[in-house]
Amino acid sequence: MDQGLILLTMVGMAVVTYLPRLLPILFLSGRTLRPLLVAWLRLVPPAVLAAMLVPPLLIPEKRLDLGFDNIFFWTALVAFPVAWKSKSLFATVIIGMGLVALARYLGLGHGG
């Protein structure tokens with residue numbers, strides 16, 4: 001592949017990644033948002049995270065799987081209270097990864 005095309009692709013990727021972050025800052029800087037809008041915006045990250053996580057956890061192989069062999073589902077059930085209580089991404093990821101590793105080490109479930 002041509003080096004110029006690769007560079008142009010990288011620059012394009014940087015622009016389309018940066019613009020959605022920059023534009024709201026430019027348009028909203030110095031403005032006060034209504035409390036209802038602020039409250040609604042606080043719900044966006046958890047909603048997006050849930051939309052990304054729930055389908056692979058509950059329907060890992062194109063069918064609902066709440067059985068004991070779905071280690072990601074059971075690990076998530078333990079990791080969720082850790083996230084809620086600690087508010088720490090690091091602690092949540094460490095607990096989740098540790099539990100999946102332990103389950104795989106013990107030969108439990110079909111974890112992927």
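**Burial, helices and aromatic pairs**

Colleague: Is Thr92 buried or exposed in this model?
Modeller: Residues are numbered from 1 along each chain as its sequence is written, and the model is a predicted one, in which local features need pLDDT of at least 70 and side-chain atom pairs count only at pLDDT 80 or more, while totals for chains, interfaces and linings use all residues. Side-chain values use heavy atoms, with hydrogens and water left out. Buried means under 20% relative accessible area, exposed over 50% and partly exposed in between, with a 1.4 Å probe and protein chains only. Because the relative accessible area of Thr92 is 15%, this residue is buried.

Colleague: Which residues is Thr92 in contact with, leaving aside its neighbours within four places in sequence?
Modeller: Thr92 is found in helix H5, where helices are DSSP runs (H or I) of at least four residues, strands (E) are runs of at least two, and both are numbered from the N terminus. Contact means heavy atoms within 4.5 Å. With neighbours within four places set aside, the contacts of Thr92 are Ala79, Val82, Ala83 and Ser86.

Colleague: How many helices and how many strands are there in the protein chain?
Modeller: From the N terminus on, the elements run α-α-α-α-α. The protein chain therefore comes to five helices and zero strands.

Colleague: What radius of gyration does the protein chain have?
Modeller: The radius is taken over C-alpha atoms, and the globule rule is 2.2 Å times the number of residues to the power 0.38. The C-alpha trace spans about 50 × 50 × 30 Å along its principal axes, and buried residues make up 11% of the 112 residues. A compact globule of 112 residues would have a radius of gyration near 13 Å, whereas that of the protein chain is 20 Å.

Colleague: How far apart in space are Ala101 and Leu5, C-alpha to C-alpha?
Modeller: Ala101 is found in helix H5 and is partly exposed, at a relative accessible area of 44%. In sequence, Ala101 and Leu5 are 96 residues apart, and in space their C-alpha atoms are separated by 41 Å.

Colleague: What is the phi of Lys62, and where does this residue lie?
Modeller: Lys62 is exposed, with a relative accessible area of 81%. Its phi is near 65 degrees, a positive value in a residue other than glycine, and its place is the loop between helix H3 (44-58) and helix H4 (71-86).

Colleague: What is the phi of Lys87?
Modeller: Lys87 lies in the loop between H4 and helix H5 (89-105) and is exposed, at 67% relative accessible area. Although Lys87 is not a glycine, its phi is positive, at about 55 degrees.

Colleague: Which aromatic cluster includes Phe73 and Trp74?
Modeller: Rings of Phe, Tyr and Trp (its six-membered ring) pair if their centres lie within 6.5 Å, and planes under 30 degrees apart count as stacked, over 60 as edge-to-face and the rest as tilted. The count comes to three aromatic pairs, among them the edge-to-face pair of Phe73 and Trp74, at 5.0 Å centre to centre and 75 degrees between the planes. Phe73 is buried, at 14% relative accessible area, whereas Trp74 is partly exposed, at 31%. The cluster is made up of Phe68, Phe73 and Trp74.

Colleague: What kind of aromatic pair do Phe80 and Trp84 form?
Modeller: Phe80 and Trp84 both lie in helix H4, four residues apart, about one turn of the helix. Phe80 counts as exposed at 52% relative accessibility, and Trp84 is exposed at 60%. With 5.7 Å centre to centre and 50 degrees between the planes, the pair is tilted.
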